[in-house]
Amino acid sequence: MKNSICSLYPLILDLKDKNILIIGGGDVAFRKLKNLLYCKANITLISQKYIKKLKNLCNKYNIKTIQRKARFKDLRKDVFMVIDATDDIKLHKRLYEKCDREKILLNVVDSPQYCNFIVPAVVKRGDLLIAISTSGKTPFITKKVRQDIEKVFDKKWGKYIKICEIIRNELKSMDKPERVKKKVYNILSKNFICKIEDARKLLKKHEIKL
């Protein structure tokens, strides 16, 4: 067991079609599942008991649930990631040893010493994804930073990012010179626009037609 998580390297994983195992049936498991739904992974939950809202969420999104204690044989070779959302310290230790041997990603909630990766707090606005972490040391500070960022980056940022993506793709398809692209990107980065027609009008004022 590691004494602490060190030398962390931030990255964003593509979990589509990956097999993920969540152990636990309470509020923590509910939050973890809710945050994973948009990743389009193959998720399985294992727990002896499930709170009602978690069970309802699983039924709504057709998530597989197994009602019993977790077993070592559940850590099949095709399991990519395990999230332990229990408060069972003995289970934490055994899972860590097993996942370490089998090279399986493991996150034990609120116990970084038993993790080989940690999950950051996330602010998501469409395709804008901002991850916040204090390396598992002070989750309450992570929460505060996330709440502060949410105030700055409201839901309109999702629309803004989408507009910038559309304009960028149009520029690429038209094979515009690099100086024109840089000029457009500079204009868009300085003007918060949530409608494509407004973006076109603004660019037209700068003598750029798409």
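This is a predicted model: local features need pLDDT of at least 70, side-chain atom pairs count only at pLDDT 80 or more; totals for chains, interfaces and linings use all residues.
Let's begin with the largest pocket. About 2000 Å³ of space lies inside it, and 50 residues line it. If you want to find its centre, look for Ile118, Val119, Pro120, Ala121 and Val122, the lining residues that lie nearest to it. Several elements give two or more residues to this lining, among them the helices α1 (27-36) and α4 (139-152) and the strands β6 (121-125) and β7 (128-132). Sort the lining by class and you get 29 nonpolar, 10 polar and 11 charged residues.

Now for the second largest pocket, which holds about 460 Å³ of space. Its lining has 24 residues, and Ile23, Ala70, Thr86, Asp88 and Leu91 are the ones nearest the centre. At least two lining residues come from each of β1 (19-23), β2 (42-47) and α3 (89-102).

Finally, take a look at the backbone in two loops. Most residues other than glycine have a negative phi. Ser135, though, has a positive phi, near 60°. You'll find Ser135 in the loop between β7 and α4, and its relative accessible area is 27%, so it counts as partly exposed. Asp175 also has a positive phi, near 55°, and sits in the loop between α5 (156-174) and α6 (178-190). Asp175 has a relative accessibility of 63%, and because the cut-off for exposed is over 50%, Asp175 counts as exposed.

Definitions and conventions:
Residues are numbered from 1 along each chain as its sequence is written. Side-chain values use heavy atoms; hydrogens and water are left out. On a 1 Å grid over the protein atoms alone, a cavity is a set of points where a 1.4 Å probe fits but cannot get out, and a pocket is an open set with protein on both sides within 12 Å along at least five of seven lines; lining residues have an atom within 4 Å of a point. Grid points are joined across faces, edges and corners, and a volume is the space filled by probe spheres set on the points. Helices (H or I, at least four residues) and strands (E, at least two) are DSSP runs, numbered from the N terminus. Ala, Val, Leu, Ile, Met, Phe, Trp, Tyr, Cys and Pro count as nonpolar, Asp, Glu, Lys and Arg as charged, and the others, Gly among them, as polar. Buried means under 20% relative accessible area, exposed over 50%, partly exposed in between (1.4 Å probe, protein chains only).
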